[in-house]
Amino acid sequence: MVNVVILIALKTPLAIIVTGNLGYILTHVLAISGFAMLRRDRPDLARPIRLPNFFVPLAWLLAAFLAVVLVVGATGFSITGYGGFKELGIACGVLVMGVALWLYRTRVQDPRDAAHAGTTGR
């Protein structure tokens, strides 16, 4: 469904690629900062790979760098020729739609799985 919306809303392949890249960079920012926040919040939590402590500030630096790259890339659509604010708005709308679909899936369709996701070993 999201792919069909992207194909209809964004006419050029380059705009589709840029929209995907914004999503990838945002995903990396969220994953790296999530790692750093989890290490700060629950430092003694059991985990399969134990990294040294210097990875936490390194993760914050990398997340900040990627956030800057995300903002500069998102605001530079018209400079690079990838489109304008319309394409940026569509990209942000696609990301919001993805989160809304995920929330619907976890809260409405599978509420029992969301409550037990941490205890099933998935």
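What share of the contacts in the protein chain with a separation of 6 or more comes from residues 24 or more positions apart? The share is 62%, where contact means heavy atoms within 4.5 Å.

The model is predicted: local features need pLDDT of at least 70, side-chain atom pairs count only at pLDDT 80 or more, and totals for chains, interfaces and linings use all residues. Residues are numbered from 1 along each chain as its sequence is written, and side-chain values use heavy atoms, without hydrogens and water.

The protein chain has six helices and zero strands, in the order α-α-α-α-α-α along the sequence. Helices (H or I, at least four residues) and strands (E, at least two) are DSSP runs, numbered from the N terminus.

Some values for the protein chain follow.

| Property | Value |
|---|---|
| Radius of gyration of the protein chain | 18 Å |
| Box filled by its C-alpha atoms, along the principal axes | roughly 50 × 40 × 15 Å |
| Accessible surface of the protein chain | about 8,800 Å² |

A compact globule of 122 residues would have a radius of gyration near 14 Å; this radius is taken over C-alpha atoms, and the globule rule is 2.2 Å times the number of residues to the power 0.38. Carbon and sulfur atoms hold 71% of the accessible surface, computed by the Shrake-Rupley method with a 1.4 Å probe, and for residues only the protein chains shown count as cover. Buried residues are 22% of the 122.

L101 lies in helix α5 (residues 85-109). L101 counts as partly exposed because its relative accessibility is 35%; buried means under 20% relative accessible area, exposed over 50%, and partly exposed in between (1.4 Å probe, protein chains only).
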